[in-house]
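The following report describes selected features of a predicted model. Please look over the sequence and the structure before reading on.

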Amino acid sequence: MNYKMIVYTLGWVLKIEAASMVIPLVCSLCYKETKDVFMFLLCMALCVIFGSVFSAVKPKNKAMYAKEGFVTVAFSWIMMSLFGALPFYLSGAIPNFIDAFFETVSGFTTTGASILTDVEALSKGMLMWRSLTHWIGGMGVLVFLMAILPLSGNGNLFLLRAESPGPSVSKLVPKIKSTAKILYGIYIAFTALQIMLMFFGGMSLFDSITLSFGTAGTGGFGTRNSSIAEYSPYIQYVITVFMILFGVDFSLYHALFFGERKALLKSEELRAYFGIILLSIAAIFINSRGVFATAEEAFRHISFSVGSIMTTTGYATTDFNLWPEFSKVILVLLMFVGACAGSTGGGIKVSRMIILFKSIAKEIRTSAHPRTTLKIKMNGRTVEHETVRGVNVFMASYVVIFFVAMLLISLDNFDFTTNFTAIAATINNIGPGLNMVGPTGNFSAFSGLSKVVMSFCMLIGRLEIFPMLLLFSPYTWKK
Amino acid sequence: MNIIIVGCGKVGYKLIEQLSYEEEHDITIIDTKDEVVQGAVNDYDIMGVAGSATDIDTLNEAGIDKADVLITVAGSDELNLMICLMAKKLNKNCQTIARVRKPEYFKAINLIKEELGLALVINPELTVASEIARVLRFPSAIKIDTFAKGRIEILKFEVPKGNVLDGMKLSDMPSKIGTHVLVCGVERGEEAFIPSGNFEIKAGDLISIVASINDVSHFFKKIGNRTNRVKDALIVGGGDTAYYLANMLIQSGINVKIIEQKQERCEELFHLLPKATITHGDGTDNKLLMEEGLAEFDSFISLTNIDEENVLLSLYAKSQTNGKIVTKINRIEYGNVIGELQLGTTIYPKNITAEYIVRFVRAKKNSLGSNIETMHFILDGKAEALEFRIKEGSPISNKKLLDLELKENILIASINRGGKPIIPRGQDMILAGDTVIVVTLKEGFKDISDILR
């Protein structure tokens with residue numbers, strides 16, 4: 001284990017975090033929130049001091065392997081969340097540190113689950129920081145680090161793999177640095193486009209920026225207690241479209257903009273993704289007749305909710321707790337499906353679902369005809385056995401973690417739907433669940449233990465299980 | 001540059017290693033084995049495509065349309081040529097480099113090269129054979145690299161115990177020995193460095209010198225090393241390398257005996273090399289070797305396909321004869337360990353192949369200013385010797401060498417003007433039209449201006 005390199009990288013992560021606090025700092029300055037300006041400066045100083053200490057010595061041996069990659073990513077995210085919680089905690093906006101940690105983890109993991117009962121009471125600077133954590137967490141801070149730093153020569157691929165979601169992560173172009181730059185380039189361009197569309201649609205600049213950050217990272221923190229419900233239909237449609245766009249595999253955008261358009265048509269995941277969204281909208285539309293006043297309103301709210309849950313964003317324009325049971329179950333199922341691999345969204349991911357269903361079909365066919373040669377194919381090419389195995393193990397671990405976590409939070413004695421959807425909403429990085437944790441509720445009533453458990457669920461969900469599990473496995477630390 | 005490498009064997013790996021040092025290359029590799037591709041992608045910052053490169057989809061996926069260079073080092077010649085042909089048809093601007101090793105293809109290589117539009121053809125066996133032939137011409141040397149179209153050499157040799165050079169300071173060399181020779185590199189144990197004037201030579205050091213061919217023999221006479229070329233050669237293993245080598249040696253009047261295990265191949269060689277003596281037998285049998293007169297030969301070359309056999313054979317030969325010993329080693333990973341055995345000259349075909357291609361790729365990039373004419377890895381691969389052609393308006397021309405602010409660990413080893421080498425002194429100037437040999441411990445120099453601070 002190359003400890004020196006891990007610590008060095010962590011140092012840089014902290015420095016990046018300090019740099020990112022410039023945005024809420026400027027925001028606080030604009031709104032003349034003197035106390036917050038001071039708080040952000042203090043937190044930046046802390047990050048810079050620790051970051052500089054960690055990255056003081058440039059290690060000679062820069063080699064990073066899979067193990068180092070996983071551990072670095074897991075540590076980075078925990079540490080980012082600890083330091084990211086400081087502005088909330090020190091300024092007194094969230095007086096309890098566990099609450100502040102939960103809120104920050106929820107931000108960085110792009111979950112959007114909140115313990116705040118009154119969001120509007122927060123200062124503008126704090127709201128900006130809260131939304132910015134979504135944007136940073138969406139694409140990942142280590143990916144950003146790779147885009148700007150010549151970190152190490154060859155081990156970076158393991159960092160990218162550990163931080164980016166999906167069953168098999170690969171580069172877009174030969175150089176990892178260029179890959180990271182392209183990913184962030186697309187990310188920034190889309191975010192900027194959304195900010196402009198919302199700003200020219202009559203929204204305030206502050207709301208345009210914060211809500212775009214929340215959409216881009218598929219996070220879900222709003223700036224109002226009612227989430228998106230109070231905004232105009234135009235804004236709601238813009239957010240719907242962008243939520244769905246940010247749930248698409250970013251490598252497909254690269255293919256779209258730089259030739260290779262065929263890849264888009266070939267992508268089974270993309271077809272399945274849009275297929276599921278359209279089908280769900282149609283099913284809920286039929287099932288929920290009578291809930292909405294007009295067909296337009298029904299279409300708007302349903303497509304918004306389906307997009308929001310499927311991409312694991314978690315914004316709400318309406319309280320879907322009041323929808324018929326069938327519609328609610330569809331939403332819960334969408335929570336598990338999640339967005340596409342290689343997007344900013346969470347969940348199990350559409351491509352994993354496709355591989356799972358194809359494995360089942362394969363198993364059935366080989367049971368009937370044991371001698372048939374069968375391989376799982378996706379996008380016209382064979383899926384490697386390693387990938388299939390990875391998906392199966394992922395699912396098994398996912399289920400185990402899900403139920404262990406549910407068992408732990410059930411100590412708080414809330415009802416089954418609340419417990420089940422609270423874990424589903426955190427492990428899939430969505431935000432709102434049903435009943436008590438529905439779009440109008442929040443997570444503040446849970447005990448400290450449950451909040452810590454759910455914080456880890458969020459991290460496990462965002463980093464796709466194994467980096468976090470590896471951190472706690474004694475084998476990782478053995479020579 | 002966008003580079004595609006087809007085939008990820010030892011040479012492929014070596015190429016990736018060398019080329020990925022240079023930041024600006026975007027490298028994509030193609031190999032049929034998925035796990036090989038995965039391994040390479042994990043080790044280096046490159047992209048990998050698993051599949052057959054003769055499949056047009058694979059080539060497209062690897063980005064043939066944007067490729068500047070395609071290098072094929074796959075298993076067979078036919079495959080390599082086929083892939084190069086397809087690549088050239090898909091992208092006219094892509095330079096193709098193929099490894100072709102069969103002698104019968106190589107006979108018609110100009111025809112093939114022209115017809116397929118190949119930029120470079122590399123025949124590892126032929127290259128290896130010429131490198132061995134060069135060393136046999138000058139048995140005191142462990143390694144010889146030539147520059148300036150063969151007029152200048154960088155030559156590596158070991159300083160024997162009790163030699164005049166033992167304990168001599170470099171600054172005293174001109175007065176004590178009085179020849180036009182410059183020491184450009186020293187290997188002592190694991191270390192390799194470019195020595196300064198007050199460096200003291202010790203016995204056991206491996207010294208690399210730059211000089212013209214005449215000056216080299218003069219120098220060696222002065223220090224009392226043997227300078228005469230070998231008269232006869234015993235080769236064990238009758239593969240393609242042995243064939244090419246024997247051909248070259250016979251042409252320069254050297255007596256050649258080849259020991260080969262397979263009867264069929266012996267007969268083939270007999271027809272191909274009428275002037276050589278072909279012996280059928282197991283070259284690893286020491287009785288046979290003695291019977292064939294190993295002790296009387298003044299050079300011994302082990303060219304079997306098994307590294308372990310070659311090492312053992314050479315160790316045995318070393319105990320029996322004072323002649324020159326050359327060992328071919330295929331596996332490059334154990335270079336350090338084998339170096340410690342002091343086998344004399346060891347030849348790594350994979351390194352030579354990679355070096356040849358890297359040199360081409362690096363030289364191709366330079367179109368303005370000065371150009372790389374020749375490039376060799378020296379000092380056990382720890383340093384590079386580059387020959388640049390100086391064009392009009394180069395930042396280093398028409399200035400006294402004293403006034404140039406060079407980077408660390410760089411030596412201007414020779415200035416070649418009008419076919420004559422000049423050993424550079426502080427007052428000398430580099431002029432346009434010269435070629436300059438630069439020795440550096442850094443990698444990736446592309447232009448002569450890179451040597452400046």
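In chain A, the residues Phe402(A), Ala405(A), Met406(A) and Ile409(A) of helix H19(A) meet Asn419(A), Phe420(A), Ala422(A), Ile423(A) and Ile427(A) of helix H20(A). By residue class, this contact of H19(A) with H20(A) comprises eight nonpolar residues, one polar residue and no charged ones. Helix H19 spans residues 385-409 of chain A and helix H20 residues 416-427 of chain A, and their axes, which come within 9 Å, cross at roughly 130°. H19(A) and H20(A) are therefore oblique to each other, and their crossing is right-handed.

Chain B is divided into four domains, whose bounds are tabulated here.

| Domain of chain B | Residues |
|---|---|
| domain 1 | 2-122 |
| domain 2 | 128-223 |
| domain 3 | 232-322 |
| domain 4 | 367-451 |

The C-alpha centres of domain 1 of chain B and domain 2 of chain B lie 37 Å apart.

Chain B also contains an open sheet of six strands, paired in the parallel sense and ordered S3-S2-S1-S4-S5-S6. Its edge strands, each pairing on one side only, are strand S3 (47-50) and strand S6 (120-122) of chain B. Within this sheet, neighbouring strands are turned by 15° against each other on average, direction ignored. Strand S1 (residues 2-6) of chain B pairs with strand S2 (residues 26-31) of chain B over five bridges in the parallel sense, and Ile4(B) has Thr28(B) in S2(B) as its bridge partner. Helix H2 (residues 34-43) of chain B packs on the sheet, where it touches S2 and S3 of chain B, and the direction of H2 makes about 180° with that of S3(B).

Between the chains, ten residues of chain A are in contact with eleven residues of chain B. On the side of chain A that touches chain B, four residues are nonpolar, three are polar and three are charged.

Methods: Residues numbered from 1 in each chain as written. Chains lettered and ligands numbered in written order. Predicted model: local features only at pLDDT ≥ 70, side-chain atom pairs only at ≥ 80, totals over all residues. Contact = placed C-beta atoms within 7 Å. Nonpolar A, V, L, I, M, F, W, Y, C, P; charged D, E, K, R; others polar. Domains from an automatic or database assignment. Axes fitted to C-alpha atoms, helices over the stretch in contact; angles between N-to-C directions. Helix = DSSP H or I, 4+ residues; strand = E, 2+ residues; numbered from the N terminus. Parallel < 35°, antiparallel > 145°, perpendicular 65-115°, else oblique. Left-handed = near helix turned anticlockwise from the far one by under 90°. Pairing = 2+ DSSP bridges.
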